[in-house]
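Thanks for taking a look at this one with me.

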4 protein chains.
Amino acid sequence: MTSNAPEKLWQKGYTLHPLVERYEAGEAALDTRLVEADVLGSIAHARMLGRIGLLTGEEVAALGRELARIAGLAAAGQFAVTPADEDVHTKIENHLSATVGEAGKKIHTARSRNDQVLVDLRLFTRDELLKIEGLVLDAVAALGELAERGQDVPMPGYTHMQRAMLSSVGVWAGAYAEALMDDLQVLQTAYAINDQSPLGSAASYGVPFAIDRQYVADQLGFAKVQRNVLYAQHGRGKFEGLVVQALAQVMVDLSKLAQDIVLFTTSEYDFFAVAPELCTGSSIMPQKHNLGAMELVRGRAHTVLGYQATILGIVAGLPSGYNMDNQETKRPFIAALDTTAETLQVCALFVAGLTPKEDNLRAACSPELFATDAAYAMVREGVPFRDAYRQVAASLADLPPMDPVEQLRNRTHLGASGNLGLDDLRAQVEQERAALTERQRRIARVKEGLLTVE
Amino acid sequence: MTSNAPEKLWQKGYTLHPLVERYEAGEAALDTRLVEADVLGSIAHARMLGRIGLLTGEEVAALGRELARIAGLAAAGQFAVTPADEDVHTKIENHLSATVGEAGKKIHTARSRNDQVLVDLRLFTRDELLKIEGLVLDAVAALGELAERGQDVPMPGYTHMQRAMLSSVGVWAGAYAEALMDDLQVLQTAYAINDQSPLGSAASYGVPFAIDRQYVADQLGFAKVQRNVLYAQHGRGKFEGLVVQALAQVMVDLSKLAQDIVLFTTSEYDFFAVAPELCTGSSIMPQKHNLGAMELVRGRAHTVLGYQATILGIVAGLPSGYNMDNQETKRPFIAALDTTAETLQVCALFVAGLTPKEDNLRAACSPELFATDAAYAMVREGVPFRDAYRQVAASLADLPPMDPVEQLRNRTHLGASGNLGLDDLRAQVEQERAALTERQRRIARVKEGLLTVE
Amino acid sequence: MTSNAPEKLWQKGYTLHPLVERYEAGEAALDTRLVEADVLGSIAHARMLGRIGLLTGEEVAALGRELARIAGLAAAGQFAVTPADEDVHTKIENHLSATVGEAGKKIHTARSRNDQVLVDLRLFTRDELLKIEGLVLDAVAALGELAERGQDVPMPGYTHMQRAMLSSVGVWAGAYAEALMDDLQVLQTAYAINDQSPLGSAASYGVPFAIDRQYVADQLGFAKVQRNVLYAQHGRGKFEGLVVQALAQVMVDLSKLAQDIVLFTTSEYDFFAVAPELCTGSSIMPQKHNLGAMELVRGRAHTVLGYQATILGIVAGLPSGYNMDNQETKRPFIAALDTTAETLQVCALFVAGLTPKEDNLRAACSPELFATDAAYAMVREGVPFRDAYRQVAASLADLPPMDPVEQLRNRTHLGASGNLGLDDLRAQVEQERAALTERQRRIARVKEGLLTVE
Amino acid sequence: MTSNAPEKLWQKGYTLHPLVERYEAGEAALDTRLVEADVLGSIAHARMLGRIGLLTGEEVAALGRELARIAGLAAAGQFAVTPADEDVHTKIENHLSATVGEAGKKIHTARSRNDQVLVDLRLFTRDELLKIEGLVLDAVAALGELAERGQDVPMPGYTHMQRAMLSSVGVWAGAYAEALMDDLQVLQTAYAINDQSPLGSAASYGVPFAIDRQYVADQLGFAKVQRNVLYAQHGRGKFEGLVVQALAQVMVDLSKLAQDIVLFTTSEYDFFAVAPELCTGSSIMPQKHNLGAMELVRGRAHTVLGYQATILGIVAGLPSGYNMDNQETKRPFIAALDTTAETLQVCALFVAGLTPKEDNLRAACSPELFATDAAYAMVREGVPFRDAYRQVAASLADLPPMDPVEQLRNRTHLGASGNLGLDDLRAQVEQERAALTERQRRIARVKEGLLTVE
């Protein structure tokens, strides 16, 4: 570390071995993404310190102005954390000490980098989860539209990857739409648990000041204070794990969808045309149109599962209080958020870019798909199902021809091809979208309230 | 397979290779645990078939009586599924065909083993999650009591496993109590998503009968129908994964608690006495009193994380519709439920069996714990925190003595040692317990309604 | 624990809480599988104690006779460990104390259950790995035979699951054969590292007796002593992890093979007929012939990956010396061995039961497969490849017809369809089989030497 | 994509959607690390094309000169792959086409990016594994030195984290040294399996040219050709998984070492002084000296385990032939190599920076450590061990005092404190180091042979 490097907050007269320094260094690029959150948390903390008399009103105002300025710089891409800064907290505190003077040196009163990074990650996660909820709704909408287009388009229904019974493009697309709607609920639980203010936990054990944690929580728009100070600290890693578990549900669903899309666009199935701008070629085989992105979705599900394993594996068995192992959860956590967000966008794009090849789909609805229907026809005439099953199995070659579209419409019970409930789905999406917009607006107002310089 | 073996539902005139039969065989012991659920699902399905005219009232009644009898036998441990039975569904259908005749052969109308196992697992999961929620509340109560006993018992607070700041037994125990309360919320989301009726999905594509899925759902006490028939099928594995993710949160928290207990009862820490009936000895070292169970808790967290990896890994990238890979999720799923339930019980027992060794704890509160307090005392006199920090760091040896209990009470902000909010915690536990009891009663009434022979 | 229960080795006057006892109990069924190994280790240990004068010749002989008798009972299925026995070591020591008297009480001198279970697992693993190596060679042989049958059978070669270039059944089957040959090497490394004698490590720190560890290792046929006593202990979990990593390689290869088999037997591909005794049906769809076993292979790869995660996750971060967490690795370890062994057998059976449908395969070799060949034909006439590529891409519809078998034979370079090197493969298999047989014979002689009562 | 962007190798007249392009983009920084390998593979391939008459001698020479120039630029940090380049292969081929003309367009004859990336990764892995083997030996040497320094320094030996028996700093450090020596063997197997030349596999199915794969393998210094062309392709992901499994063994061992170091430097144990330049402080607690790097080692073990899960999870169940999922293994693979290399360095540094606090260590050797010794003393006088055990257990308070150093020297059997075999260990390290140096020299000669412009 050269003598010009910014000083570490804990520096006390000896030099850290460069190998250790490099090994312990967080990734500056990740910290750059936390600048806005660190600013917001710092403003709320400063206001609270003012409220309990540890800062003067003037100091609070000066800090607020400078912090708002930093937020502006960050939004313009002009406040990047570099490896020499150690981390976002140190960079900002050093900046404040340099620009605001004494007040800058006081802002760390009654907090620690431990609760600072906690609050940064909570605020960051709040924004990211809202964005991802929006992308989930976009993907559901795209799937819902495909389901509508494909409601009367017959398609073999597979079990064991073998043709089993009649299905439709509508059934197929609708299944993924509903899965994502359930995932939304899981994401919302992760959001709710993340929505607790950790500030005041300090280095895990609180501080001997009468700080007002509820005030800070309110300023930052958190639903509540995360009470026990040690538990606030234990949230590090745990909450990341919870969020990534929710993302894993999304990724696993999308990986199944991607597998289907890859499969159903092979020469052998050839059920869908794909918009050419979604396909890539081969460096050696001139005829290829590959769905590389869909293959990557399959692969990236395992990337996110690996992140889930890493984060929870790190936390398991850790003794109480902050341990630096927690720092190692930051990269997989943020990568999981990014990967899931991009994957949702790419999948929505592919779903919108699929065109059912109706002739192929209809041709694939070969007679054996109707074997159960034939057995059921006998049931309707009073033959016990198990006997009908055996008779049909013995005379598969003689199954009568059936019209697939008629049969599709025939399945009228709730959730079947003739009664998919797509109107309900659309209504649900709209309702969730409205609620999401309202939550996003509330957060925007909270930020504005903090960044507005009085 | 001997000629006396019960017939497979799908048997059609050739003999399965014994190696393949063994490889595909589910574990009979697991299926035995699903008997009650299979019975309940079958009664509801039969009633619905009666309602839409596919069974006569008499047939419904006869099936209901026999199924209730099976439930009784199962409860008495007299209806075990054996490997020769293939699975619980086949055993019960074969039993019904043998005892009730034609109606027995008709009960499989409009359903498949695919939606049957789905409904079995949903009903089973419902019971198990309610049980686990109860055990979580028990563990929280035990931790809350320890926190109360230890509210004024000083204890070093650690960061990086090094003595950092003053803490208390109350802070320490309370942290785990609050973590488990958040886990309860995660478990409840898993419960809510599991609480959807899949019956009517059949082999994933519905049936060409006007079945009444809502009626079945109501009979079984489900919150709603899982609409899209293919999505109902996709729930297999996905829902198990979701539940195990929630269990993983519990296990990870408990593994940290266990790590602390093992650590804090070593000779070096010696903070707690442990009830001797919780300890085991060594075959070679006569002096040992080991906390083997707590070590196993640490280990079993990774067992459950492994199950989580297996289940989600299986589901990722599977093509749509039922695939037999799903069967492979049953064992880790049930094992994860069992492991978590037992671990909760054992941890509650250990928490209740801990007695703080107050003298040791107080002695461990060495002067450096109060370094931050000393810095804060200077802050109160107007020194900027960062300057106070550096001054204290330079004179660590001269820190003034402080009374730890006084300091504990001194930290009065929300969630700190002097203001843990244990009354609120107790109130929350009671409220959750009451709500849980109400849910359990409702389920009991649902079962009674199904098993009551008219 | 009733007063009649066999005594625990470490019992010292208080009763273990039944919940803790149950939680800590190993699985008796797993321990039953270790009886032979425990007997062998005990005989070698007793002989060594005799050699250094801690047992008399008579005592050694009496112990040897009784231990050999136990091995005989175990081989006949008459020496099962039950939950009341605590574990295999206690059961055998209690048995010896009861039947051989004083000598039975002396056999535990200079060892601990910690190094006893280590040696048991090493001996057990040695047998299991040899068995699995044999099964790998069987599977390679089956794949080699299929490759030979299919050497001239054209088949589309896929990339991105799209038809890419001409391939053959021979290329396809041969690829998996060679993968398994590499896995054999990985298994052999795991075998070599496992082949170290841990006895004498005792409870991790050796004993104050001049025991002869090399003599014990020689008696048991180990390649060497695992020297450092604490490292011997650290082998627990680590070696299990190493073995399961090797098994994971096998399972991942087989899961790809299984995926191909499932895919290539769908209606859409229909490249292979499968022997009917390998297929199962559906309870609702009379026409189905499912390859359930192959789907389970896919799923079970993730089961073994989950075991790998569990075992290594348990070991990571454990402090040195024995910790009971290690016990939790026994079940996934043994399950991984069993699963892999069965999966190898099932896969070999399926490979032998595949019959290429030559007409379908040939029909699937559609013209675009030869696009690269067309480009290469232009290259041979001097057109730079990248230009030829672009020209062919622009005129895909006009590709000249090619004879696939001729083209297959045309690819004569090493490893291509016309030069698969199957003779070399067969020779390698035979050589490995001979070496394996020799190793197995050596182990058999070691066992015989130990079990022979003088 | 702007019109100025370099052309994609497979570009055929439509524009890829920017979202898909971004989603499919590899990480340019990773590809930059493959430049040298891509150059070497290309030179060998060009020479082979020359040998079989597809390139003229002049073309080969021109390509070789330009490729060597690229290697020089890369070594000087002046040939970075950027996102616009698509990947390292495209960048180099475009560069060659621009600088060498026709020959540049011909170099892709008889290969595909699929076997190109395979060979790049094999060459890269070869270098990385050799580097890591060297770092393993460095760490073993550091541990061996500490073991020597600590041979006569008593230290409690722990089981279940409780004081169990007498041990020494020598035993403790030596255990980790031997573990790493076993890991070396695992790494060498991964190296051996990686040491196969994939070139000629092309897009997985070979090429209709009489290419000379053995010649290419020899040029590149590979031990052999990876024969079956499809298996060569299947190595992607599989080999990465194998290497990461080996790295995981190293990381798991180091995480245990790190856990011990963190534990043994707490106030409660205080067994070692740590060089201050290895420790970091706290932003809030002036007294703290944290071993953050050791905590990160614990955490990073789970990072590498997560990478292992991701890579093997991606490969499991993939259908045969290249799939783009494989691309997703590159990042975790390279990250695992980097993380393990750095962790080895940091651990060696910490081991060298540990100074045993002999007084504390000796004081921690409390009387109960000698309980087994007392029982053994009775055994020497003829009391059966089990009886002696019970007598000692009953009179733990009356154990006679023992001299720990004398007792340490007393344990003279192989691998115990008095006979650690450190000379043998040192000799083994030297032998391995010499062999490693020889392998590295051979590789250097291979590279020189390829990069030398004739």
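This is a predicted model: local features need pLDDT of at least 70, side-chain atom pairs count only at pLDDT 80 or more; totals for chains, interfaces and linings use all residues.

1. For the complex, the predictor gives an ipTM of 0.95 and a pTM of 0.96.

2. Now to the interface. Chain A brings 112 residues to the contact, and chain B brings 112 residues. About 9300 Å² is buried between chain A and chain B (accessible area, 1.4 Å probe, lost on being put together, summed over both), with 57% of it on carbon and sulfur atoms. In chain A, the most area is lost to chain B by Tyr205(A), Arg227(A) and His413(A), together 9% of what that side buries.

3. The rule finds 10 salt bridges across the interface of chain A and chain B (a side-chain nitrogen of Lys or Arg within 4 Å of a carboxyl oxygen of Asp or Glu). One of them pairs Lys238(A) with Asp253(B), whose closest N and O atoms are 2.6 Å apart. Helix 10 (residues 229–264) of chain A gives the most to the side of chain A that touches chain B, with 19 residues.

4. A word on conventions: residues are numbered from 1 along each chain as its sequence is written. Side-chain values use heavy atoms, leaving out hydrogens and water.

Methods: Chains are lettered from A and ligands numbered from 1 in the order in which they are written. Contact means heavy atoms within 4.5 Å. Buried area is the accessible area (1.4 Å probe) that two parts lose on being put together, summed over both. Helices (H or I, at least four residues) and strands (E, at least two) are DSSP runs, numbered from the N terminus.
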